[in-house]
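Please consult the sequence and the model shown below.

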Amino acid sequence: MSDSPQLARPRGVETATSVAVASDGRILVVDGCNNRVAIFDEEGVLTTTLPGTSDKPFAFCEDEEEGLAFGGIDLDGRGIVYIVDPGNDRVVSFNANGQFLRAWGSSGDGDGQFLDPIDVAVGTTTILVSDS
């Protein structure tokens with residue numbers, strides 16, 4: 001018998017593509033084929049979701065039938081959440097309370113543009129986005 005913890009898919013999450021844990025214990029999951037970010041408390045109870053912005057919902061799901069989805073998430077030291085939204089070729093940020101802060105990026109291969117962003121990593125002074 002193994003002493004390893006058992007991992008379970010959070011209730012209501014279709015395709016988890018990325019996970020981040022906030023300093024207060026909240027667990028943020030990019031829920032790919034539901035095209036949202038699901039936020040759970042430290043006990044694993046779903047507390048809220050982020051569907052995207054008012055003008056553009058998130059577009060993480062590439063192929064719903066196959067369950068193929070992409071999207072990354074990370075937090076900075078202040079609790080600001082950065083989400084890569086590949087279907088809209090952008091990065092979106094929200095504060096720790098889930099309020100939209102800003103979105104940037106567009107489709108293309110120029111400065112500030114993305115062809116298919118997949119993940120994000122946030123440092124103290126830099127935001128890095130992996131793009132195909």
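## Pairing of strand β8

How many bridges join β8 to strand β9 (residues 90–94)? There are 5 bridges, and the two strands run antiparallel. Strands here are DSSP E runs of at least two residues, numbered from the N terminus, and two strands pair if DSSP finds at least two bridges between them. Asp85 has Arg90 as its bridge partner in β9. The hairpin of β8 and β9 has 4 residues between the strands, and Asp89 in this turn has a positive phi of about 50°.

Strand β7 (residues 73–75) is joined to β8 by 3 bridges, again in antiparallel fashion. Ile73 stands opposite Ile83 in β8. This hairpin has 5 residues between β7 and β8, with Gly79 in the turn at a positive phi of about 90°.

## Burial of β8

Strand β8 (residues 81–85) is largely enclosed by the rest of the structure, because 5 of its 5 residues are buried (under 20% relative accessible area, with exposed over 50% and partly exposed in between; 1.4 Å probe, protein chains only). One face carries Val81, Ile83 and Asp85, the other Tyr82 and Val84.

## The disulfide

The structure holds 1 disulfide, defined as a pair of cysteine sulfur atoms within 2.5 Å. Cys33 and Cys61 form this link, with their sulfur atoms 2.3 Å apart. Cys33 lies in the loop between β2 (27–31) and β3 (36–40) and Cys61 in strand β5 (residues 61–63), so the pair ties together parts that are 28 residues apart in sequence. Cys33 is buried at 7% relative accessibility, whereas Cys61 is partly exposed at 21%.

## Basis of the values

This is a predicted model, in which local features need pLDDT of at least 70 and side-chain atom pairs count only at pLDDT 80 or more, while totals for chains, interfaces and linings use all residues. Residues are numbered from 1 along each chain as its sequence is written, and side-chain values use heavy atoms, leaving out hydrogens and water.
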